[in-house]
Amino acid sequence: MTAALNKDTRNTWHILGPGAIGCLFACHLQQAGLAVRLIGRRPEHGVRRIRLNTDNGEQEQVFAPDHPAQPITHLLITVKAHQTTAALQAVRQRLTAQTLIVLMQNGMGTWQALQDLPTRRIVVATTTEGAHRPAADRVIHAGRGETWVGTLDPRYQADAARVCRDWSATGLVVEEDPEILHRLWQKLAINCAINPLTVLYDCPNGALLNNTEALELMQQVCREVEQVMGSALGEKPSGLFELAKAVSAKTSSNISSMLQDVRKQQQTEIDHITGYLLDQARRLGIACPCNERILKQIKAR
Ligand code: KPL
């Protein structure tokens, strides 16, 4: 089934970074009746077709081309963390003081890089939806999850609530989280515990659980992350090792995003995952020798 182009562009969502997660949200938002435009690395002149596979079969969505002169009212950023500054530079002149931005990506540290944009209306989101893109025009919704939206600046709480309301029409589970910083840290912690290890052992997430050496390393990573996270948030987190093992088991056949990047010989997100953790550790005066070593090993590859 092919969905018709949506003509109502008053509340158009522009998706900056139409990778697996960007395309998944693009398809769901357009299916829910919102106008969506995709902004890729190269300008596209014709319509773009994406086939989305879900439990209910396949549906093709047709996206109208993005007009580079059209101001952007709603922007969902799903580019990789290290691509954020360059990707924003390309659309900067289309942003206004009213533009609402949702930042949804792995890793942390890019929110700070958004501080000099014309708009202050920035909310953050994190998702456990599973998606992969076997071809440029095909997205597989591999596992249903949840998406959490919140703001790091309480003045924009109403914007987070609005995003949740609009996105709930997609049928995806989208909830507001007043403790979004905690949730971002938790995601970062899981990524620190799983992603670099899958690169070091060149294995899917679940295989870490059958490898005594990898498990020992995961436990050390988790101990250090708990100290930094606890100090950054002013709380005493525990149980990270158990959580990381549970996520590895739940996503056992996944090739982590970092291992996928390594296999494609692309830049990894290590600077915004382990690198961000270590920046915070230094700021807080906490030693993290195990994560330091891992950062060096991943960067040396
Ligand atoms: O977020 C992930 C990633 O690969 O980046 C995990 C949770 C490890 C799932 O693969």
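This report describes a predicted model of a protein, from its overall build to single residues.

## Basis of the model

Because the model is predicted, local features need pLDDT of at least 70 and side-chain atom pairs count only at pLDDT 80 or more, while totals for chains, interfaces and linings use all residues. Residues are numbered from 1 along each chain as its sequence is written, and side-chain values use heavy atoms, with hydrogens and water left out.

## Overall build

The protein has nine helices and twelve strands. Helices (H or I, at least four residues) and strands (E, at least two) are DSSP runs, numbered from the N terminus. The radius of gyration is 19 Å, close to the 19 Å that the globule rule gives for 301 residues, so the protein is as compact as a globular protein of that length. This radius is taken over C-alpha atoms, and the globule rule is 2.2 Å times the number of residues to the power 0.38. Along the principal axes, the C-alpha atoms fill a box of roughly 55 × 40 × 30 Å.

Of the 301 residues, 50% are buried. Buried means under 20% relative accessible area, exposed means over 50%, and partly exposed is in between (1.4 Å probe, protein chains only). A contact means heavy atoms within 4.5 Å. Among contacts between residues at least 6 apart in sequence, 66% join residues at least 24 apart.

## Two domains

The domain assignment gives domain 1 (2-178) and domain 2 (182-300). Such bounds come from an automatic or database domain assignment. The C-alpha centres of domain 1 and domain 2 are 26 Å apart. Between the domains, 16 residues of domain 1 are in contact with 15 residues of domain 2.

## The second largest pocket

Where does the second largest pocket lie? Domain 1 and domain 2 both give residues to its lining, so the pocket lies between them. On a 1 Å grid over the protein atoms alone, a pocket is an open set of points where a 1.4 Å probe fits, with protein on both sides within 12 Å along at least five of seven lines; lining residues have an atom within 4 Å of a point. The second largest pocket holds about 290 Å³ of space. Its volume is the space filled by probe spheres set on the grid points, which are joined across faces, edges and corners.

The lining of the second largest pocket has 23 residues, and M108, G109, L152, L181 and L184 lie nearest the centre. The elements giving two or more residues to this lining are β8 (122-127), α4 (180-200) and α8 (274-284). Helix α4 gives the most, with five residues. By type, the lining has 13 nonpolar, eight polar and two charged residues. Here Ala, Val, Leu, Ile, Met, Phe, Trp, Tyr, Cys and Pro count as nonpolar, Asp, Glu, Lys and Arg as charged, and the others, Gly among them, as polar.

## Buried residues

W167 lies in helix α3 (residues 157-168). W167 counts as buried, at 0% relative accessibility. Not counting residues up to four places away in sequence, W167 touches W13, F25, L29, L76, V102, T147, L172 and V174. W167 and L209 are 42 residues apart along the chain, and their C-alpha atoms are separated by 35 Å.

T12 is found in the loop between β1 (2-3) and β2 (13-16). T12 is also buried, with a relative accessible area of 1%. Leaving aside neighbours within four places in sequence, T12 is in contact with A35, V36, R37, Q70, T73 and H74.

## Exposed and partly exposed residues

D55 sits in the loop between β4 (48-54) and β5 (57-63), and at 69% relative accessibility D55 counts as exposed. From C-alpha to C-alpha, D55 and G143 are 9.3 Å apart in space, while 88 residues apart in sequence. R138 is in strand β10 (residues 138-143) and counts as partly exposed, at 25% relative accessibility. R138 touches R51, N53, E58, H132 and R133, not counting residues up to four places away in sequence.

D202 is found in the loop between α4 and α5 (212-233) and is partly exposed, with a relative accessible area of 47%. Q265 is found in the loop between α7 (257-263) and α8, and counts as exposed at 76% relative accessibility.
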